[in-house]
Each structure stands twice: as C-alpha cells, then as structure tokens.
Amino acid sequence: MADKVLLVKFGEIAMRGDNQYIFINRLILAIRRNLDPVGNYYVVREPGRLIVEDRGGEMDYDLVIPRVEPIFGLVALCPGIRLQEMSMDAIKEEALRHMQDLYGDKPMTFKVNARRSNKGFGVASMQIAADVGEYILDHMSNMTVNVKTPDVVLNIEVRNRIYMYSKIIKTYGGLPYGSSGKGVSLLSGGIDSPVATWMMAKRGVEVEGVYFHSPPYTSEWAKQKVIDLAKRIADFTGEFKLYVVPFTDLQLYLLENVPHDKLTIHLKRAMMRAAEKIAEKDGAWSLITGESVGQVASQTMQGIYAINAVCNMPVLRPLAGMDKQEIINIGTKIGTYDISIRPYEDCCTIFVAKHPQIKPRLNVIERIERKLTDLDKYLEEAVENAEIIEL
C-alpha cells in the first residue's frame, strides 16, 4: 500500500551551509501558509527534500500543486507516493501499479532511477533499478527500456521511507521570499516594472510597490491596472503593499518650471526621492526599477546617472541588460503581460516630452532643481497623502 505525497525539491538553498535551516524554515512556512486554508497538510523534512503529506485523506494534486508551485525557492514538484512497507516486494508492486495507473497500455519507453540514502536497506541502488525494471517489463507488454531518452523515468528514493514518482513539474527557483531584506519598487502599469518587481521577489527580496497617480490625466482604469499587477505579484509573494502616491500637483509644478526636454529626468528624480522616503519609513534597503539600458530616452547611461544621483540607497535594475522581447517573455510566463498591455496610460506617458534630452548633464539638472523652491513641499505632500492598499 502507498499514500499520495508531494515531493518538493529546492535548489541553491542546499548550498547555504550552516544557514540552510533558515531558508528551509521559510519554505515550510510558505507552504503551510498556502495550504492551511484548504486542508490539513504537514511538511516532512528529508535531506534535500521536503515532503508534503495530507493528514485529511488522499491528496488532491489539482488543489495542492497550484498553491505550492508559485513559492520562490522551489525548483521542482514531484507528485508521487510514499510506500507503507520497506521491502523490495512492496517497491516492485507499487512501481507496477504506479506505471499502470499513469500510463496504462500506451506504448512507451522507460527507465528506472533508484537512489538509496538509507544504507540500512539491504539492496543497492543499481539492483533496485534493475529488479523494478525487470518486473515492469514482465507485466507491461507496452513498455520497453530506453536508458538514454526514455518517455518516462520512474524515480525511486529509499530514505527513512520509500518514495516513488515519475512526473517532475519545474518551478521558479530563486530564494524564499523575504530572505534577502526589503525593497520598494517603482511600479507603473507598463510591461517592465512588474517583471522587475517579480524578479527581485524571486531573489528573496520582500517587495512593496509605489505607483504615481495623476488624476485627471491618468484614469481610475490606469490605477486599477496597477492594482491588478500588484495582485498578480501577490500570487507569488503571498502579500503585497502598494502605495498610490498622488502626483498631479508635483507634475504640473515641474511642467511649469523646468525645460520641457528635461522634464522626464526631473520627473523621474522626483519619483525616486518620493519612493526613497517611503522606503526609509518602511525599513527597506533598496529601490527597484524596471529600467533597461537604452530602451527609452531617459534610460541612456547619462540619463540613468542623472536619475540615480538623487538617491542615497542602492537602486536595483534587474532588467538592465535585457531587450524588450526578453522582458515580454518573462511577463507572459508569470502572467503580468496581458495586464500590462491594457490600453490605459500612466503619468510618465502623459507628461513625456516630445523631444526629450537623451544625454542630460547632472550639473545642469541640479542647477535647475536648486531653483525649484517648492519641490520639497510638493514631495512631502505627495508622500503624506499616499493611499496604502494591502493585497
């Protein structure tokens, strides 16, 4: 007899040495957080593995897998079985039943991989694989062995208990969410910034979002698009705090007081300053943007330099070396792209200069800003009046 289980594999966490337990504990908490609302599950630790088991009865993979799959730090999920008996007869019988249940009488090739970490089990790994393969061949005429490119690989792991699986679902990898500190992401309704936010969350950064809203120049639909993007990110992170910063007055102030070809640079510097104020208040250690070098006029090296100069904390740009298609591919994979292309413009698009300067000089930008005597007042008001949306 056997019980359904879900084997959970993690990647680079295994190389964390004495700190490994910290990351594994975060993974266990994330799995429990996602599964507790839907059943009575618990997690068993094995070297290099976590095993999700169902106290309430037979595991429903269709319910469990979608809730575990988005968790950062996991590299694969393996729906499989845990044998109730530690014997070769049990292994052969359950292996045959597993192959028959999943693959029936369809002509297929297969191989058996066996790993025995429990040296108290009296049969070596290679012998387990050979005996199980022979048993399956004797009872399933539709199966033939192919050790190089098989259709099915039956994996048998002899640990404290015996586990068996033949399906491997690749997941996102990375580090457990929240294990790498906190960052604040400048989240627009475009394609790039939600991808950048997701990528830093994948590296274990606890992310919050700042969206700059400029009614009536940007609509409530534009705001809702950003909220929906934040919700999608929260599917991976479990939670997400979004600051909606009213920016109309500050943008109009800049529009009236800076040269139009430099408006975008001044606007982005103001956004960085506002985001940094929020980051400092929330105990974050960095800002995150979706900038890609050379993609638009403000993302030249000179533009990035001029924008970055206003910040005191590090600015992370995970998309810096990517082209647009690479970013779109990730957005499509993680489910943000279709939301991003809804036709509602953000404040940067509305106020963009017709002929923006592509090589701004920092000393010129700073000289202009020294004359903006009310800039700090507008920044403080915008941050103080931000709406906080908890997702």
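# Briefing on the fold and its contacts

Arg 342 counts as partly exposed in this structure, with a relative accessibility of 33%. The model is a predicted one, and the protein in it has a secondary structure of 14 helices and 15 strands. Its radius of gyration is 27 Å, which is well over the 21 Å that the globule rule gives for 391 residues, so the protein is more spread out than a compact globule.

**Overall shape and burial**

- Taken along the principal axes, the box that the C-alpha atoms of the protein fill is roughly 85 × 35 × 35 Å.
- Of the 391 residues in the protein, 52% are buried.
- Ile 341 and Met 164 are 177 residues apart in sequence, and their C-alpha atoms are 43 Å apart in space.

**Strands and sheets**

- Strands of a sheet pair through backbone hydrogen bonds, and this pairing can be either parallel or antiparallel.
- Elsewhere, strand E2 (residues 41-46) and strand E3 (residues 49-54) pair in the antiparallel sense over six bridges, with Arg 45 standing opposite Leu 50 in E3.
- The hairpin of E2 and E3 has two residues between the strands, and Gly 48 takes a positive phi near 75° there.

**Salt bridges**

- Side chains of opposite charge can pair when their charged atoms come close, and this structure holds 18 salt bridges.
- One of them joins the side chains of Glu 12 and Arg 203 at 2.9 Å, N to O. Because Glu 12 lies in the loop between strand E1 (2-10) and helix H1 (20-35), while Arg 203 lies in the loop between helix H5 (192-202) and E11, the pair ties together parts that are 191 residues apart in sequence.
- Another joins Arg 342 and Asp 228 at 2.7 Å, N to O. Arg 342 lies in the loop between H11 and H12 and Asp 228 in helix H6 (residues 220-237), so this pair ties together parts that are 114 residues apart in sequence. Asp 228 counts as buried, because its relative accessibility is 17% and the cut-off for burial is under 20%.
- The side chains of Glu 291 and Arg 317 also meet in a salt bridge, at 2.4 Å, N to O, and both of these residues are buried.

- Leu 137, Val 145 and Val 147 make a nonpolar surface patch of about 250 Å². Leu 137 has its place in helix H4 (residues 125-139) and is partly exposed, with a relative accessible area of 37%.
- Ile 341, found in the loop between helix H11 (337-340) and helix H12 (347-350), is partly exposed with a relative accessible area of 42%.
- Cys 78 counts as buried at 0% relative accessibility, and Cys 311 counts as buried at 12%. The count of disulfides comes to zero.

Conventions:
Residues are numbered from 1 along each chain as its sequence is written. This is a predicted model: local features need pLDDT of at least 70, side-chain atom pairs count only at pLDDT 80 or more; totals for chains, interfaces and linings use all residues. Side-chain values use heavy atoms; hydrogens and water are left out. Patches are made of residues with over 30% relative accessible area and no salt bridge: like charges are joined within 9 Å, nonpolar side chains (Val, Leu, Ile, Met, Phe, Trp, Tyr) within 5 Å. Accessible areas come from the Shrake-Rupley method with a 1.4 Å probe; for residues, only the protein chains shown count as cover. A salt bridge is a side-chain nitrogen of Lys or Arg within 4 Å of a carboxyl oxygen of Asp or Glu. Helices (H or I, at least four residues) and strands (E, at least two) are DSSP runs, numbered from the N terminus. Buried means under 20% relative accessible area, exposed over 50%, partly exposed in between (1.4 Å probe, protein chains only). A disulfide is a pair of cysteine sulfur atoms within 2.5 Å. The radius of gyration is taken over C-alpha atoms; the globule rule is 2.2 Å times the number of residues to the power 0.38. Two strands pair if DSSP finds at least two bridges between them.
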